[in-house]
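Please keep the display open and find each residue as it comes up.

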Amino acid sequence: MGRRCARPVIELERAHKTYAVGRQRIAALRGVDLRVEAGEVFGIIGASGAGKSTLLRLINLLERPDAGAVRVAGQDLLALDDAGLRAARQRIGMIFQHFNLLSSKTVAENVAWPLKIAGGRTAADIAQRVEALLARVGLADQSHKYPAQLSGGQKQRVGIARALATGPRVLLCDEATSALDPETTRAILTLLAELNRELGLTIVLITHEMEVVRRVCDRVAVIDGGVIVEQGPVADVFLHPQHAVTRRFVQEAEQVDEGQRLDDFAHVPGHVLQLTFRGERTYDPLLGEVARRTGLDFGILSGRIDRIKDEPYGQLTISVAGGDLAAARALLEARGVRVEVLR
Amino acid sequence: MDALLNAIDWAEIGLATWDTLLMLGGSLLFTVLLGLPLGVALFLFDRGQLLAAPRVYALLSLVVNVLRSLPFVILLIVLIPFTLLVAGTSLGVAGAIPPLVVGATPFLARLVEGALRGVDRGIVEAGLAMGASTWQIVWQALLPEARPALWSAVTVTAITLVGYTAMSGVIGGGGLGDLAIRFGYQRFQTEVMVVTVVLLLLLVQLLQMLGDWLVRRCTHR
């Protein structure tokens, strides 16, 4: 999506954060730089304790960095006084893993809360806005229920409606789908993607699941031990992970174990190649054509054809024997297929 | 049996019951007015909370602990000069209310502090993320979320106050406790003792039922 605008809406520079735990000091973030551009969905993935939760909370200063700069929409948040910071936070929405809804208030009252906090609206105004927000997240008929009467997915929809009530340009998602089942997770991610497209909403989400990143993110940063170890467009990071931590996340998502897989193929004769297709070409009948023209025999050992956000991709591990391998490789690469010789 | 019941001065008992209800109502009102803000202050000034101020917390906490560690009978006597100053008398309903309030306020404050601690921290975080002020978080989120626990704290406090009103009979506070001591104990009229005990028991039952009903009514979990 929109990388048209080069001006970053969120900028963190050399952010450091240390916690005191008893007498020990634990570094949660060790010099993190982050740039999120307007209109993109940016994923931050890391294991628990990697620092991703702290990183997300720096963006609205729920956590203050010990050193470094935090700018949102060009505004230096660290320079703001109390009232200024509260006003800035009203322009940054946030949703949570455990939803954090008021159990004593109805769905409509929960969504109205940020509007009450911001002030300056009449009751009729608020009611109208709440109704529109609930309709947008698909809860038009649930407004008088209490959160305890809703399912997890519905609770998160209320959370999203509440976060968008004041019309923020940025939405922070703190493990927003981690408490949900896979089907509900997909529905919530679809909603987030729609909101990103329709409203041009910039979304930053943290997660420990690569699957979440693959479905909705444009770019991803991998955080480990308080530093960002790898970042880039999701397709690049997902298909060609460089760092060991990234590879582990990808393998988890693919449910394969790289080392184990090569062992499994030990008895397969000939070479083992990994082919990566991207874009609409993924669906072309390419392998048959290459086999015919080069006299190559191939067998498919494993593979996956899927989408990264809206882009189709395929990644196949094949064994090849006989024929002209160099010619086949040249032919595949000429069609934009990335070829890696695993063995 | 008839003779026994006839021996009881029912007008006296009616008056004493009314006095007990007045003491309870008056002291509960002022206890809530003072104890609720004190409890909120204890919660907010504690380490890691919205207005974290460890020294202020330590001071408030000390005052609360000192008042709570004094047995109520002692507090009644120690507070006589203060009671004279506030109520103009240390006797009767008016004289009983100031020590009752001083005795019950720290108790309620601790219960309020606990009730607020029971609210999910995520609620505070959500409020902060929306740009709410501390005041808005307390009024619009923490107190409504803690309402069931707050009602049950007020119920426990009211029942404790019933016990205290009986004790205030010792220094001439009036009410059912006073009656029980003057007639039931000092004049060996066991039947008066039994009637007052039954009435106090009924009062406690009613308070508990009312409290439970209020808790249920505002619980939406």
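**Notes on the two chains**

1. Lys52(A) has a relative accessibility of 7%, and because the cut-off for being buried is anything under 20%, Lys52(A) counts as buried. Please keep in mind here, and in every point that follows, that this is a predicted model. Lys52(A) belongs to helix H1 of chain A, which covers residues 52-59. When neighbours within four places in sequence are set aside, the contacts of Lys52(A) include Ile44(A), Ile45(A), Gly46(A) and Ala47(A), and also Glu175(A), Ile206(A), Thr207(A), His208(A) and Ile223(A).

2. One of those contacts of Lys52(A), namely Glu175(A), deserves a paragraph of its own. Glu175(A) sits in the loop of chain A that lies between E7 and H6, and its backbone has a positive phi of about 50° although the residue is not a glycine. With 9% relative accessibility, Glu175(A) is counted as buried.

3. Asn100(A) is found in the loop between E6 and helix H3 (107-118) of chain A, and Asn100(A), which is not a glycine, has a positive phi of about 55°. The relative accessible area of Asn100(A) is 7%, so this residue is buried.

4. Which residues of strand E7 of chain A point one way, and which the other? Val170(A), Leu172(A) and Asp174(A) point to one side of E7(A), while Leu171(A) and Cys173(A) point to the other, and all of them are buried. As background, side chains in a regular strand alternate between the two faces of the sheet. Since five of the five residues in E7(A), residues 170-174, are buried, the strand is largely enclosed by the rest of the structure.

5. The partners of E7(A) can be taken one after the other. Strand E6 of chain A (residues 92-95) runs parallel to E7(A) and is joined to it by four bridges, and within this pair Met94(A) stands opposite Leu172(A). E7(A) also pairs in the parallel sense with strand E8 of chain A (residues 202-207), this time over five bridges, and here Val170(A) stands opposite Thr202(A) of E8(A). In general, the strands of a sheet pair through backbone hydrogen bonds, in either a parallel or an antiparallel way. The path from E7(A) through helix H6 of chain A (residues 182-199) to E8(A) makes a right-handed β-α-β unit.

6. Chain A also has an open sheet of four strands with antiparallel pairing, in the order E2-E1-E4-E5. Its edge strands are E2 (24-37) and E5 (75-76) of chain A, each of which pairs on one side only. Strand E4 of chain A (residues 67-72) pairs with E5(A) over two bridges in the antiparallel sense, and Val72(A) stands opposite Gln75(A) of E5(A).

7. With these details in place, chain A can be viewed as a whole. Chain A contains twelve helices and 14 strands, and its C-alpha atoms fill a box of roughly 75 × 50 × 35 Å along the principal axes. Of its 343 residues, 52% are buried, and the accessible surface comes to about 15400 Å², with 48% of that belonging to carbon and sulfur atoms. Among the contacts in chain A between residues at least 6 apart in sequence, 71% join residues at least 24 apart. The mean positions of the 45 positive and 42 negative charges of chain A lie 5 Å apart.

8. How many helices and strands does chain B have? Chain B has ten helices and zero strands, and its C-alpha trace spans about 70 × 40 × 25 Å along the principal axes. Of the 221 residues of chain B, 48% count as buried, and its accessible surface of about 11100 Å² belongs to carbon and sulfur atoms for a share of 71%. Chain B carries 12 positive and 12 negative side chains, and the centres of these two sets are 12 Å apart.

9. Although Gly14(B) and Leu176(B) are 162 residues apart along the chain, their C-alpha atoms are separated by 9.1 Å.

Notes. Residues numbered from 1 in each chain as written. Chains lettered and ligands numbered in written order. Predicted model: local features only at pLDDT ≥ 70, side-chain atom pairs only at ≥ 80, totals over all residues. Heavy atoms only, no water. Buried < 20%, exposed > 50% of the residue type's maximum accessible area, 1.4 Å probe, protein only. Contact = heavy atoms within 4.5 Å. Areas by Shrake-Rupley, 256 points an atom, 1.4 Å probe, with all protein chains shown as cover. Lys, Arg positive; Asp, Glu negative; His and termini not counted. Charge placed at Lys NZ, Arg CZ, Asp CG, Glu CD. Pairing = 2+ DSSP bridges. Right-handed = clockwise from strand over helix to strand, strands pointing away.
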